[in-house]
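Dear colleague,

I am passing on the structure below, together with some notes on its salt bridges and helix packing. Please read the notes with the coordinates open beside them.

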Amino acid sequence: MKKALKIIRLTISIILVIPSLVLAVVGLFFFYFFSLFRAQKLAHSVSSFFYLILCWWIMIALGARVHVDGKENIPPKGESVIYSPNHNSMIDIPFFYCSLGRFPSMMAKKELFKVPLLHGLLISLKCIKIDRKSARSIVDSVRQGCQWVDEGHSLVVFPEGTRSKTGEVGTFKNGAFKIAERTKCRVVPVVIKNDRLLVESAHRLGFINVYIKFLPPIETKSLTIEEEKSMSALVESMVKEEWNKLPLEK
């Protein structure tokens with residue numbers, strides 16, 4: 001029965017999500033059109049408008065009822081920060097962007113850049129490509145991320161490195177916070193819960209309550225070397241603690 005309900009839910013969602021492809025194409029068109037005239041700020045502003053609508057439509061199409069908490073912890077525009085959400089589902093990204101209302105760049109695995117259309121979206125969002133199997137690529141990606149943050153931009157890094165296979169919060173890796181250590185920017189832990197039930201673990205119809213919470217930023221400028229080394233454990237414990245407090249949809 002659960003398998004049948006999953007198929008029905010995903011079929012309905014796929015049909016409803018199709019219009020989002022149009023929004024993606026329109027957003028990309030304006031990005032590259034204005035980029036031809038070197039109007040990068042306008043290109044980013046206009047394309048982001050369509051991307052935000054796209055993200056909202058995906059949430060509606062998938063049947064999500066989103067609850068966002070901790071907005072007071074979101075740093076003001078113009079401040080370079082590292083957002084560190086847990087990674088439960090393939091749809092974490094649009095849900096995160098919707099709740100934030102901005103489009104900071106993201107560390108994305110190289111395989112995603114090979115997907116048609118998604119490749120263009122990643123480029124327009126100035127995402128940084130990373131090959132997790134290549135030590136040299138990781139070093140280059142961290143260096144590029146540091147430069148991006150130093151230039152005044154924010155970055156999204158999923159500390160687990162990959163999606164959770166169990167639905168629980170995984171282990172946060174030390175390498176995910178190298179950029180924060182070197183640039184001394186603040187780190188904003190983010191909790192995302194229940195969106196996995198919309199796709200990977202779908203088993204019923206109806207709306208699903210999805211919870212997204214921004215936790216208090218971590219100041220890195222005053223951290224000792226030992227505290228920097230344990231930053232991954234600190235962020236992981238903060239995320240897991242809030243994760244356990246949030247309601248679990250069944």
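Which salt bridge do the side chains of Lys245 and Glu241 form, and what is its N to O distance? The two side chains meet at 3.7 Å, N to O, where a salt bridge is taken as a side-chain nitrogen of Lys or Arg within 4 Å of a carboxyl oxygen of Asp or Glu.

Before the rest, a word on the basis: this is a predicted model, in which local features need pLDDT of at least 70 and side-chain atom pairs count only at pLDDT 80 or more, while totals for chains, interfaces and linings use all residues. Residues are numbered from 1 along each chain as its sequence is written, and side-chain values use heavy atoms, with hydrogens and water left out.

Salt bridges

Lys245 and Glu241 are four residues apart in helix α8 (residues 231–245), and therefore about one helical turn separates them; helices here are DSSP runs of H or I with at least four residues, strands are runs of E with at least two, and both are numbered from the N terminus. Lys245 is exposed, at 56% relative accessible area, whereas Glu241 is partly exposed, at 45%; the classes are buried for under 20%, exposed for over 50% and partly exposed in between, with a 1.4 Å probe and protein chains only. Lys245 also forms a salt bridge with Glu242, for which the closest N and O atoms are 3.5 Å apart. These two residues of α8 are three residues apart, again about one helical turn, but Glu242 is buried, with a relative accessible area of 13%. Asp69, Lys213, Glu241, Glu242 and Lys245 are linked in a network of salt bridges.

Another salt bridge joins the side chains of Arg163 and Glu200, at 3.0 Å from N to O. This pair links distant parts of the chain, since Arg163 sits in the loop between β5 (155–156) and α6 (178–183) and Glu200 in the loop between β6 (186–193) and β7 (208–214), 37 residues apart. Arg163 is partly exposed, with a relative accessible area of 34%, while Glu200 is buried, at 18%. The count by this rule comes to twelve salt bridges.

Helix packing

The axes of helix α1 (residues 2–36) and α2 come within 8 Å and cross at roughly 175 degrees, the axes being lines fitted to C-alpha atoms over the stretch in contact and the angles running from 0 to 180 degrees between N-to-C directions. α1 is therefore roughly antiparallel to α2, a term used for angles over 145 degrees. Their contact has 21 nonpolar, seven polar and one charged residues by class, with Ala, Val, Leu, Ile, Met, Phe, Trp, Tyr, Cys and Pro counted as nonpolar, Asp, Glu, Lys and Arg as charged, and the others, Gly among them, as polar.

Helix α2 (residues 40–62) also packs with helix α3 (residues 92–100), at an angle of about 120 degrees and with the axes 9 Å apart. Contact, meaning heavy atoms within 4.5 Å, is made here by Leu52, Cys55, Trp56, Ile58, Met59 and Leu62 of α2 and by Pro94, Phe95, Tyr97 and Cys98 of α3. By class, this contact has ten nonpolar, no polar and no charged residues.

With regards

Methods. Angles under 35 degrees count as roughly parallel, over 145 as roughly antiparallel, 65 to 115 as roughly perpendicular and the rest as oblique.
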